[in-house]
Amino acid sequence: MLPLEAVPNFSEGRVPATIDALAEALGSRARLLDIHCDPDHNRSVFTLVGGEEELVESLLAGVRLARERIDLRSHEGVHPRIGVADIVPIVPIVPADLERARRVSRELGERIGSLGLPVFLYDPPERGPAFYRRGGGAELARRLAAGELVPDFGPDRLDPSAGAVIVGARAPLIAFNVNLRGPLELARKVASEIRESGGGFRGVRALGLDLPRAGLVQVSMNIEDWQASPPHEILDVIGARARVHGGEVAGSELVGLIPVGAVVAAAGARLALELFDPSRVLELRLLGD
């Protein structure tokens with residue numbers, strides 16, 4: 001049986017000791033593959049894989065530690081969030097395991113709720129993370145108090161220092177950020193033009209964010225359908241739209257890992273190769289033999 005992937009996002013990207021402690025907790029049972037930290041976002045994204053029990057126990061250890069080490073009342077960062085352990089997605093490696101990932105996410109959510117934190121099970125695209133983050137923690141507290149929202153697990157009010165946790169199962173996506181030189185309005189304008197809701201790329205969610213420490217602005221994206229919307233094509237359009245609005249691309253970054261198919265597609269396009277697929281990549285062929 002293939003492992004499942006988890007990509008927990010914690011609201012800490014500036015204190016190395018806390019990030020290291022989270023990595024140790026998350027790697028206690030599961031296999032930790034990647035850590036991405038951003039001080040402007042003040043957020044760290046971890047990628048780990050493991051069996052069902054291994055993932056649940058490792059993620060619980062991470063949530064407990066985040067609750068001990070991070071306090072939202074003194075937290076500053078440009079990325080929207082509602083909790084110290086803001087979102088914990090469980091991701092199937094193959095589509096056939098999506099129901100298995102959903103089952104694990106429900107078990108995890110129930111156990112996080114037993115720690116005294118409200119847990120929301122998200123179901124993209126209708127109730128994705130943005131549905132809960134809209135307006136920030138204060139607005140979420142109001143929606144809870146008004147009975148507009150009810151947590152799936154845990155108490156019906158936010159923890160004062162730890163907030164709430166969004167848990168769910170989703171298909172693999174690519175978290176891809178493009179940094180621009182220009183004002184914040186440039187990033188917001190370009191983000192509005194390339195995201196699906198603005199008539200842009202299918203399956204693309206995008207925000208325009210300021211990066212004061214880097215001296216740049218950013219189009220921060222989740223690409224939920226990379227086959228329909230390849231990252232290299234999105235990058236080309238962002239570059240073109242930025243130039244139209246008087247800016248330029250300063251660079252790009254991945255948050256977490258990327259499917260090999262997306263890398264192969266980008267390489268084939270840039271090299272103008274016809275009929276190029278993963279079977280033409282030496283190391284992948286060797287792994288498959």
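Ser-44 touches Pro-8, Asn-9, Phe-10, Glu-12, Gly-13, Ile-19, His-36 and Cys-37, leaving aside residues up to four places away in sequence. The model is predicted.

**Ser-44**
- Ser-44 sits in strand S4, which covers residues 43-50.
- Its relative accessibility is 0%. Ser-44 is therefore buried, since the cut-off for buried is under 20%.
- A polar atom of the Ser-44 side chain lies 2.6 Å from the backbone oxygen of Glu-12.
- Glu-12 is also among the residues that Ser-44 touches.

**Ser-229**
- Ser-229 is placed in a loop. That loop runs between strand S10 (216-223) and helix H7 (231-244).
- With a relative accessible area of 1%, Ser-229 is buried.
- The side chain of Ser-229 has a polar atom 2.6 Å from the backbone oxygen of Arg-202.
- Beyond residues up to four places away in sequence, Ser-229 touches Phe-201, Arg-202, Val-204, Ile-223 and Ile-234.
- One of these, Ile-223, belongs to the range given for strand S10 (216-223).
- Another, Ile-234, belongs to the range given for helix H7 (231-244).

**Positive phi angles**
- Most residues other than glycine have a negative phi.
- Asn-42 has a positive phi, near 50 degrees, and is not a glycine.
- Asn-42 lies in the loop between strand S3 (31-38) and S4.
- Is Asn-42 buried or exposed? Asn-42 counts as buried because its relative accessibility is 5%, and buried means under 20%.
- Ala-272 also has a positive phi, of about 55 degrees, although Ala-272 is not a glycine.
- Ala-272 is in the loop between helix H8 (260-270) and helix H9 (282-288).
- The relative accessible area of Ala-272 is 65%. Ala-272 is therefore exposed, as the cut-off for exposed is over 50%.

**Nonpolar surface patch**
- Which residues form a nonpolar patch on the surface? They are Leu-2, Ile-93 and Val-94.
- Together, Leu-2, Ile-93 and Val-94 have about 220 Å² of accessible area.
- Leu-2 is in the segment before strand S1 (4-6).
- Leu-2 counts as partly exposed, at 40% relative accessibility.

Terms used
Residues are numbered from 1 along each chain as its sequence is written. This is a predicted model: local features need pLDDT of at least 70, side-chain atom pairs count only at pLDDT 80 or more; totals for chains, interfaces and linings use all residues. Side-chain values use heavy atoms; hydrogens and water are left out. Helices (H or I, at least four residues) and strands (E, at least two) are DSSP runs, numbered from the N terminus. Buried means under 20% relative accessible area, exposed over 50%, partly exposed in between (1.4 Å probe, protein chains only). A polar contact is a pair of N or O atoms within 3.5 Å; within protein, one must be able to donate a hydrogen and the other to accept it, and residues adjacent in sequence count only if both atoms are side-chain atoms. Contact means heavy atoms within 4.5 Å. Patches are made of residues with over 30% relative accessible area and no salt bridge: like charges are joined within 9 Å, nonpolar side chains (Val, Leu, Ile, Met, Phe, Trp, Tyr) within 5 Å. Accessible areas come from the Shrake-Rupley method with a 1.4 Å probe; for residues, only the protein chains shown count as cover. A salt bridge is a side-chain nitrogen of Lys or Arg within 4 Å of a carboxyl oxygen of Asp or Glu.
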